[in-house]
Amino acid sequence: MTLPEPWLTAWPTLPGLGQTLFGLGPTVLGVVLLVVLAGLVLRAYRTQHPWAPALALLRGTLQLAAISLILSGIITNPFWVGIGLVVMFTAAVVTVTRRIGTSREHFLWVAAAMALGVGATLTIIFTTGAIEFSPRYVLAIGGIIIGNAMSIATLSGRRFREGVSEHWDEVEGWLAIGAKPREATRELARRAVYFAMIPSTDQTKTTGLVTLPGAFVGAIFGGASPLEAGRFQIVVLAGILCAGSLAAVTLLHLLAPVRRKPVAQVA
């Protein structure tokens, strides 16, 4: 399955760049008002780090602008597409590791879990021909799958460590009667995977009813028919669920043998 070129390659040429930037005024105003309102609401409610969403959006905007410029030159080059995916994957592994633990051991575990989930998913997608195997589609689908696998792995890892900490007396009880460390935390691990998958599962269940996902909308704007855009989105959603499931289960299988109470995690 292929999609129209504009969906992945649309970027203004240099002569029209100034005009494009000038036309972004209303967009910038709208975005600023949205993030300011969000920050004010969070601050009024006295939540921790109320301006974190605004800072995250600023960082994301700068990164997206940079990658958009870069992609215009590398999107058809297999070598640079591969480098781009490696950079994305490494950043994702570092992010998950920082959220669930900072040791070198955890980094390797996260990398292994993410590699299994992302690798198996992309292999199935492209070997079956569900999506055309070409540099631009490998980059697009790879980025989506890596990002969502990162989120699911982070949620599962954090939920597991928090669960073990909160139920440490129960874990110690299992260990005291002779259970192996993995057995003592098995149910907590299963529960963590289940809750980590809820956002992606709910997004999939409500697609087309409550939400119109970005890949679907992007394909439509790029000129694809609704049917082709829908097919593309279904492949994306299936890939997210597959990669997230594999990454979360593998990661918690590696984390499950807990022998001491986890230390408190940073936000």
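Helices (H or I, at least four residues) and strands (E, at least two) are DSSP runs, numbered from the N terminus. I am working with a predicted model, in which local features need pLDDT of at least 70, side-chain atom pairs count only at pLDDT 80 or more, and totals for chains, interfaces and linings use all residues. Residues are numbered from 1 along each chain as its sequence is written, and side-chain values use heavy atoms, with hydrogens and water left out.

**Entry 1. Salt bridges**

I searched the whole structure and found 3 salt bridges; the term means a side-chain nitrogen of Lys or Arg within 4 Å of a carboxyl oxygen of Asp or Glu.

I looked up glutamate 187 and found a salt bridge to arginine 190, with the closest N and O atoms 2.7 Å apart. The two are 3 residues apart in helix H10, so about one helical turn separates glutamate 187 from arginine 190. Glutamate 187 is partly exposed because its relative accessibility is 48%; buried means under 20% relative accessible area, exposed over 50%, and partly exposed in between (1.4 Å probe, protein chains only).

Also in helix H10, aspartate 202 and lysine 205 lie 3 residues apart, about one turn of the helix. Their side chains form a salt bridge at 3.6 Å, N to O. I noted aspartate 202 as partly exposed at 35% and lysine 205 as exposed at 61%.

In helix H7 I noted glutamate 162 and arginine 158, 4 residues apart and so about one helical turn from each other. Their salt bridge spans 3.8 Å, N to O. Arginine 158 is buried at 19%, whereas glutamate 162 is partly exposed at 36%.

**Entry 2. Threonine 185 and arginine 186**

I found threonine 185 in the loop between helix H9 (181-184) and helix H10 (186-206). Threonine 185 counts as buried because its relative accessibility is 0%. Leaving out residues up to four places away in sequence, I listed its contacts (heavy atoms within 4.5 Å) as Phe160, Val164, Val171, Ala256 and Val258.

Arginine 186 belongs to helix H10 and is partly exposed at 36%. Its C-alpha atom is 6.9 Å from that of alanine 256, 70 residues apart along the chain.

**Entry 3. Nonpolar core**

A nonpolar core is a set of buried Ala, Val, Leu, Ile, Met, Phe, Trp, Tyr and Cys residues joined through side-chain atoms within 4.5 Å. The largest one has 48 residues, and Met114, Phe126, Ile131, Ile141, Phe160 and Leu251 touch the most other members. Helix H7 (135-166) is among the helices that each supply at least two residues of this core, and H7 gives the most, with 11 residues.
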